[in-house]
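Biologist: Could you walk me through reading salt bridges and a ligand shell in a model like this? I'd like the general idea, then the case at hand.

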Amino acid sequence: MCVSLSLSRSLVSLGLSPSIHWISKAVMAPSFVCEFDMDSPQPPKGMDYSEPDQEILTLSQHETENFEEKVKGFFQEHMHSQEEIRLILDGSGYWDIRDYDEKWLRFRVTKGDLIVLPPGMFHRFTLDEAKYIKALLLYTEVPCRTQHERTEDESTARKLYVDTFLNKRMAIHETQMAVHETQMAALTV
Ligand SMILES: CSCCC(=O)/C(O)=C/O
(Lines give C-alpha, C1' and ligand atoms only; values in the text may rest on other atoms or scores of the structure.)
Protein backbone atom coordinates (compact mmCIF):
# COMPACT_ATOMS: atom_id res chain seq x y z
CA MET A 1 0.00 0.00 0.00
CA CYS A 2 1.42 3.38 -0.98
CA VAL A 3 0.50 6.67 0.63
CA SER A 4 1.89 10.13 0.06
CA LEU A 5 3.58 11.63 3.04
CA SER A 6 3.69 15.34 3.59
CA LEU A 7 6.42 17.08 5.52
CA SER A 8 5.08 18.05 8.90
CA ARG A 9 5.99 21.70 8.54
CA SER A 10 3.65 22.10 5.59
CA LEU A 11 0.78 20.78 7.70
CA VAL A 12 1.63 22.94 10.69
CA SER A 13 2.06 26.07 8.62
CA LEU A 14 -1.41 25.73 7.15
CA GLY A 15 -2.92 27.35 10.22
CA LEU A 16 -6.09 25.30 9.89
CA SER A 17 -8.64 24.90 12.65
CA PRO A 18 -7.42 22.82 15.60
CA SER A 19 -9.61 19.89 14.64
CA ILE A 20 -7.72 19.29 11.40
CA HIS A 21 -4.51 21.10 12.17
CA TRP A 22 -2.42 18.37 13.66
CA ILE A 23 -3.75 15.24 12.10
CA SER A 24 -4.46 14.29 8.58
CA LYS A 25 -5.06 11.20 6.55
CA ALA A 26 -1.69 10.88 4.90
CA VAL A 27 -3.41 10.53 1.54
CA MET A 28 -5.10 13.91 2.07
CA ALA A 29 -1.92 15.73 3.03
CA PRO A 30 -1.67 18.84 0.87
CA SER A 31 1.99 18.84 -0.06
CA PHE A 32 3.40 15.62 -1.33
CA VAL A 33 7.10 15.04 -0.94
CA CYS A 34 7.42 11.34 -1.56
CA GLU A 35 5.66 8.11 -2.22
CA PHE A 36 5.74 5.98 0.87
CA ASP A 37 5.53 2.20 0.68
CA MET A 38 3.85 1.10 3.91
CA ASP A 39 4.76 -2.56 3.36
CA SER A 40 8.45 -1.73 3.15
CA PRO A 41 8.93 1.65 4.85
CA GLN A 42 11.95 3.77 3.97
CA PRO A 43 12.54 7.15 5.56
CA PRO A 44 11.56 10.08 3.33
CA LYS A 45 14.23 12.64 2.47
CA GLY A 46 15.02 14.88 5.42
CA MET A 47 13.67 12.42 7.96
CA ASP A 48 15.53 9.77 9.84
CA TYR A 49 14.79 6.69 11.84
CA SER A 50 15.71 6.31 15.45
CA GLU A 51 17.88 3.34 16.46
CA PRO A 52 17.31 0.52 13.97
CA ASP A 53 15.47 -1.58 16.54
CA GLN A 54 13.09 1.26 17.39
CA GLU A 55 12.10 2.46 13.96
CA ILE A 56 8.71 0.77 14.19
CA LEU A 57 6.88 0.79 17.48
CA THR A 58 4.37 -1.97 18.14
CA LEU A 59 2.06 -1.93 21.11
CA SER A 60 0.34 -5.26 21.39
CA GLN A 61 -1.21 -6.90 24.41
CA HIS A 62 0.27 -10.26 23.39
CA GLU A 63 3.62 -9.27 21.88
CA THR A 64 4.94 -6.20 23.67
CA GLU A 65 7.11 -6.54 26.73
CA ASN A 66 5.91 -4.44 29.69
CA PHE A 67 2.79 -3.67 27.68
CA GLU A 68 0.71 -2.22 30.54
CA GLU A 69 3.59 -0.03 31.73
CA LYS A 70 4.21 1.37 28.23
CA VAL A 71 0.52 2.05 27.65
CA LYS A 72 0.30 3.81 31.00
CA GLY A 73 3.37 5.92 30.16
CA PHE A 74 1.94 7.10 26.84
CA PHE A 75 -1.31 8.08 28.57
CA GLN A 76 0.49 10.45 30.96
CA GLU A 77 0.07 13.97 29.67
CA HIS A 78 3.39 15.02 28.14
CA MET A 79 5.13 16.91 25.37
CA HIS A 80 8.36 16.59 23.42
CA SER A 81 11.03 19.06 22.42
CA GLN A 82 10.75 17.78 18.85
CA GLU A 83 7.84 17.23 16.53
CA GLU A 84 6.01 13.97 17.12
CA ILE A 85 5.57 12.37 13.71
CA ARG A 86 3.86 9.00 13.59
CA LEU A 87 2.55 7.12 10.57
CA ILE A 88 0.11 4.40 11.59
CA LEU A 89 1.06 1.19 9.80
CA ASP A 90 -1.54 -1.03 11.44
CA GLY A 91 -4.06 -1.14 14.29
CA SER A 92 -5.72 1.86 15.87
CA GLY A 93 -5.79 4.15 18.88
CA TYR A 94 -6.47 7.67 20.09
CA TRP A 95 -4.41 10.81 20.46
CA ASP A 96 -5.66 13.44 22.86
CA ILE A 97 -4.25 16.91 22.34
CA ARG A 98 -4.76 20.03 24.41
CA ASP A 99 -6.67 22.60 22.42
CA TYR A 100 -5.70 26.29 22.76
CA ASP A 101 -8.25 26.63 25.59
CA GLU A 102 -6.80 23.60 27.41
CA LYS A 103 -9.73 21.30 26.59
CA TRP A 104 -8.84 17.81 25.38
CA LEU A 105 -9.48 17.06 21.71
CA ARG A 106 -9.55 13.35 20.85
CA PHE A 107 -8.57 11.92 17.45
CA ARG A 108 -8.99 8.33 16.41
CA VAL A 109 -6.16 7.01 14.26
CA THR A 110 -6.14 3.96 12.01
CA LYS A 111 -3.86 2.53 9.33
CA GLY A 112 -2.64 5.19 6.92
CA ASP A 113 -3.09 8.13 9.29
CA LEU A 114 -0.23 10.50 9.82
CA ILE A 115 -0.10 12.46 13.05
CA VAL A 116 2.18 15.44 13.47
CA LEU A 117 2.33 17.32 16.77
CA PRO A 118 4.47 20.43 17.10
CA PRO A 119 7.12 20.53 19.84
CA GLY A 120 5.78 21.79 23.15
CA MET A 121 2.17 20.66 22.63
CA PHE A 122 0.80 18.64 25.54
CA HIS A 123 -0.84 15.39 24.51
CA ARG A 124 -1.33 11.74 25.43
CA PHE A 125 -1.95 8.51 23.56
CA THR A 126 -4.14 5.51 24.31
CA LEU A 127 -5.18 2.30 22.63
CA ASP A 128 -8.75 1.24 21.92
CA GLU A 129 -10.39 -2.08 22.85
CA ALA A 130 -8.35 -3.96 20.20
CA LYS A 131 -5.21 -3.06 22.20
CA TYR A 132 -2.97 -3.04 19.15
CA ILE A 133 -1.13 -0.44 17.10
CA LYS A 134 1.95 -0.41 14.91
CA ALA A 135 3.47 2.96 14.09
CA LEU A 136 6.44 4.26 12.17
CA LEU A 137 8.31 6.91 14.13
CA LEU A 138 9.83 9.65 11.98
CA TYR A 139 12.20 12.44 12.97
CA THR A 140 13.42 15.61 11.36
CA GLU A 141 16.13 16.04 14.00
CA VAL A 142 18.28 13.71 16.10
CA PRO A 143 15.87 10.94 17.13
CA CYS A 144 14.54 11.56 20.62
CA ARG A 145 11.37 10.41 22.34
CA THR A 146 11.87 11.92 25.81
CA GLN A 147 8.53 12.73 27.43
CA HIS A 148 8.36 15.99 29.41
CA GLU A 149 5.56 16.10 31.92
CA ARG A 150 3.30 19.02 32.70
CA THR A 151 5.50 20.38 35.50
CA GLU A 152 8.30 21.12 33.05
CA ASP A 153 6.32 23.55 30.93
CA GLU A 154 8.89 26.37 30.94
CA SER A 155 11.15 24.77 28.33
CA THR A 156 12.15 26.58 25.15
CA ALA A 157 9.98 24.22 23.11
CA ARG A 158 6.96 24.97 25.29
CA LYS A 159 7.49 28.75 25.18
CA LEU A 160 7.84 28.65 21.42
CA TYR A 161 4.68 26.57 21.11
CA VAL A 162 2.72 28.94 23.36
CA ASP A 163 3.91 31.97 21.36
CA THR A 164 3.49 30.41 17.94
CA PHE A 165 0.21 28.56 18.39
CA LEU A 166 -1.67 29.27 21.60
CA ASN A 167 -1.33 33.04 21.75
CA LYS A 168 -2.12 33.33 18.06
CA ARG A 169 -5.21 31.11 18.42
CA MET A 170 -6.33 33.07 21.47
CA ALA A 171 -5.98 36.36 19.58
CA ILE A 172 -8.05 34.96 16.68
CA HIS A 173 -10.65 33.65 19.12
CA GLU A 174 -10.92 37.02 20.90
CA THR A 175 -11.27 38.87 17.57
CA GLN A 176 -14.01 36.44 16.48
CA MET A 177 -15.83 36.96 19.78
CA ALA A 178 -15.58 40.76 19.44
CA VAL A 179 -16.98 40.61 15.88
CA HIS A 180 -19.78 38.32 17.06
CA GLU A 181 -20.67 40.64 19.94
CA THR A 182 -20.71 43.68 17.60
CA GLN A 183 -23.02 41.82 15.20
CA MET A 184 -25.33 40.77 18.05
CA ALA A 185 -25.44 44.33 19.37
CA ALA A 186 -26.32 45.63 15.88
CA LEU A 187 -29.18 43.12 15.65
CA THR A 188 -30.69 44.17 18.94
CA VAL A 189 -30.75 47.91 18.13
C1 LIG B 1 1.49 4.72 18.43
S2 LIG B 1 3.02 5.45 18.71
C3 LIG B 1 3.04 5.55 20.45
C4 LIG B 1 2.74 6.86 20.97
C5 LIG B 1 3.93 7.74 20.95
O6 LIG B 1 4.92 7.47 20.34
C7 LIG B 1 3.91 8.95 21.70
O8 LIG B 1 5.03 9.63 21.80
C9 LIG B 1 2.80 9.43 22.27
O10 LIG B 1 2.85 10.62 22.81
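Modeller: Start with the salt bridges: a search of the whole structure finds 8 of them. The term means a side-chain nitrogen of Lys or Arg within 4 Å of a carboxyl oxygen of Asp or Glu. Side chains of opposite charge can pair when their charged atoms come close.

Biologist: What should I keep in mind about where the values come from?

Modeller: This is a predicted model, so local features need pLDDT of at least 70 and side-chain atom pairs count only at pLDDT 80 or more, while totals for chains, interfaces and linings use all residues. Residues are numbered from 1 along each chain as its sequence is written, and side-chain values use heavy atoms, with hydrogens and water left out.

Biologist: Which residue forms a salt bridge with Arg150?

Modeller: Glu77 does, and the closest N and O atoms are 2.6 Å apart. The pair links distant parts of the chain, 73 residues apart: Arg150 is in the loop between β11 (148-149) and α4 (156-188), and Glu77 is in the loop between α3 (67-75) and β5 (78-79). Those labels are DSSP runs numbered from the N terminus, with helices being H or I of at least four residues and strands E of at least two.

Biologist: Is Glu77 buried or exposed?

Modeller: Buried means under 20% relative accessible area, exposed means over 50%, and partly exposed is in between (1.4 Å probe, protein chains only). Glu77 counts as buried because its relative accessibility is 16%. Arg150, at 26%, counts as partly exposed. Both residues also belong to a network of salt bridges that links Glu77, Arg98, Glu102 and Arg150.

Biologist: What about Asp96, which residues does it pair with?

Modeller: Asp96 forms a salt bridge with Arg106, with the closest N and O atoms 2.7 Å apart. That pair joins strand β6 (residues 84-98), where Asp96 sits, to strand β7 (residues 104-110), where Arg106 sits, 10 residues apart. Asp96 also meets Arg124 in a salt bridge (2.7 Å, N to O).

Biologist: Now the ligand: which residues are around it?

Modeller: A residue joins the shell if one of its heavy atoms lies within 4 Å of the molecule. Here the shell is Leu57, Phe74, His78, His80, Glu84, Arg86, Trp95, His123, Phe125, Ile133 and Ala135. β6 gives the most, with 3 residues, and β6, β9 and β10 (132-138) each supply at least two.
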